[in-house]
Every structure is written in C-alpha cells, then in structure tokens.
Amino acid sequence: MRLMWTFLFALVSSVAFAASPEDDYIAARDKAIAAIAALNNANTAIETIDAQNEKALADLQQRLSGIIGPLAVKDFPAAGTINIESLSDSDIGYGMLDGLRYTKGDDGPTLVATTRGLLERWLQAKAAETDESFKLPASIDDALKLDVFYTQAINSDAAFEGTLDFPLKTPQGADIAFARLGGWTQDVGPIYEQEVIVTLVKGKSVMITAAPAAPAVPKIAACDAVWAAADAAAQKFQEAYQASDLKDEKAFDASNVAWDKGDSDYRACMGEHLPADPAFPALLTQVQALADQMAGK
C-alpha cells in the first residue's frame, strides 16, 4: 500500500509541475534569443543570423498557433503570423508582444491575439526593465492607459501618440474593453492620419485591433493654431542655435521644449474639442463595433 501511495504522489506531482504550453513557448523563445545573441557576439555572418532568426520565429509561430488556436473573429483570417519581428536585441521589432498578428486586407485593420498569461508575463518583464523608456506597469488595466504600451506591443518603427480615450461599453462576457484614438509618428506635431486601437480581454483571450479612423479625424482650427504658435517659437530658438554656429545649447534645448510642449498641448486640445465634433459619434460607433466583433457579438 505504501508503494502505491508513493507512486500516486509521484504521478500527481509530475502532473502538477509539468510545463504548460506557455512555459514551453517562453523557454523556447528565450533559448532562441540567447542563441542569436551568441551568434552576434561571435561576429557570425549576418546571413547565418538571419536564417537562424527566421527558423526560430517559424518554430515560435507554430507554438503560438497551438496555444492561441484558430482566430474566430468575423472578417479576419483564422491563421496569423507571429507578432514579434526579430529575436535579436539589435534589431527593430525585438521585444514585441508574444502573439499572432492577423491582417484584414492590405490596408485594413490588424489584430494581435495573445493570452492573458502571455500578456501578464510580457508586462512583468517590462516592469522589471531598468531603462525607464521601456518600463511598463505589470497591471493590464494600467498598461492599456499608456501610449508606450502600444508602441512596444504592436509596432516596431514608430511611436504611438494618443489623442483621447473612448467611453466604450464592455461587451457581455468580456472582462476588459478599452479603446484609444491616436496616431503613429517619429516626430512631434499633428498626426492627421489616425487610428483607433481597441483592446478586449475575455477570459484567457486578449485581442488588440488597430484600424484607420473612420471617418478620418477632422482638423480643428483652434488646435492647429496651438501647434503653429509652438512651432514658430521653436523655430526662432533653432534660428538662434544655428546663428551661434551650433554652440548655444540653451537655445537648442529651448526649441525642443517648445516643440514637446506644443505637441502635448495640441493633443490635449484635440482631446477636448473632438467629442463635440460631428465626426465623433461615428468614431465611437466604429470602436464599439470592433469591441463587439472581437467579443463574438
């Protein structure tokens, strides 16, 4: 009898501590990252590193497909491609959210799907970052309120700058629904081609959809004037900096301060005025429809 109990205990223990598919994925990802880092450190030919990177990404994509399963969101394909673009920390696209990306047409919406567990692990890693520019809160609710979350999670070559958050209704059965309007940029100033980003957490599933704002976000004269004034002030500081033969660092710093403040003030102005614009109800309808679509309504 003692032998039987020993066997059962060992069996239960092995099941309890067996690695989950998410554990296996994270281990495989980290192993691939370490292998590529070793190749970089050894000054291996870039062609060899690229081949290793593509092979590892294909393996991780297959693992994610098994974890996430076929996508069942209307108008999106069932199969996706890995969201991470590179496993080399020297490349653009490294460190993006672990998940699969689905695209509706060439210029249509994109959807990134992952699991709550993978998102929480990703956020925990970001919360431990020593570089403040990459640091994120570990809480999903808190992270969704930050532009830098979208910059790091779903894009590789531009920063997301938010304009406003929508008063979204959480679809039945969902745990979290959050929608933000904003645009992707590599500079300061107005972003006239903006997108809506809608995130839905439902049980173990997490989906983030980005789509061109429909209708297009209108220009608001008062806000354009705010930016024009800030830009003019910054240009004067730049002229002084140029006139000093690039020696007047105070003028250079002042120009950047003026641009940064103008950018912030412009977006605040848009956030204040846009809800009263005739285009706003249609934008709100768009994000609600996307949330409901992801929820399976």
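A residue counts as buried when its relative accessible area is under 20%, as exposed when over 50%, and as partly exposed in between, using a 1.4 Å probe and protein chains only. By that rule Cys-223 and Cys-269 are both buried. This is a predicted model, in which local features need pLDDT of at least 70, side-chain atom pairs count only at pLDDT 80 or more, and totals for chains, interfaces and linings use all residues. Residues are numbered from 1 along each chain as its sequence is written, and side-chain values use heavy atoms, with hydrogens and water left out.

**Disulfide**

- The whole structure holds one disulfide (a pair of cysteine sulfur atoms within 2.5 Å).
- Cys-223 and Cys-269 form this link, with an S to S distance of 2.2 Å.
- Cys-223 lies in helix α7 (residues 221-243) and Cys-269 in helix α8 (residues 249-273), 46 residues apart, so distant parts of the chain are linked (helices are DSSP runs of H or I, at least four residues, numbered from the N terminus).
- The link of Cys-223 and Cys-269 is left-handed, with -80° about the S-S bond.

**Helices α2 and α4**

- The axes of α2 (residues 21-41) and α4 (residues 116-127) come within 10 Å and cross at roughly 40° (axes are lines fitted to C-alpha atoms over the stretch in contact, and angles run from 0 to 180 degrees between N-to-C directions).
- Glu-22, Asp-23, Tyr-25 and Ile-26 of α2 make the contact with Gly-117, Leu-118 and Arg-121 of α4 (contact means heavy atoms within 4.5 Å).

Conventions. Helix = DSSP H or I, 4+ residues; strand = E, 2+ residues; numbered from the N terminus.
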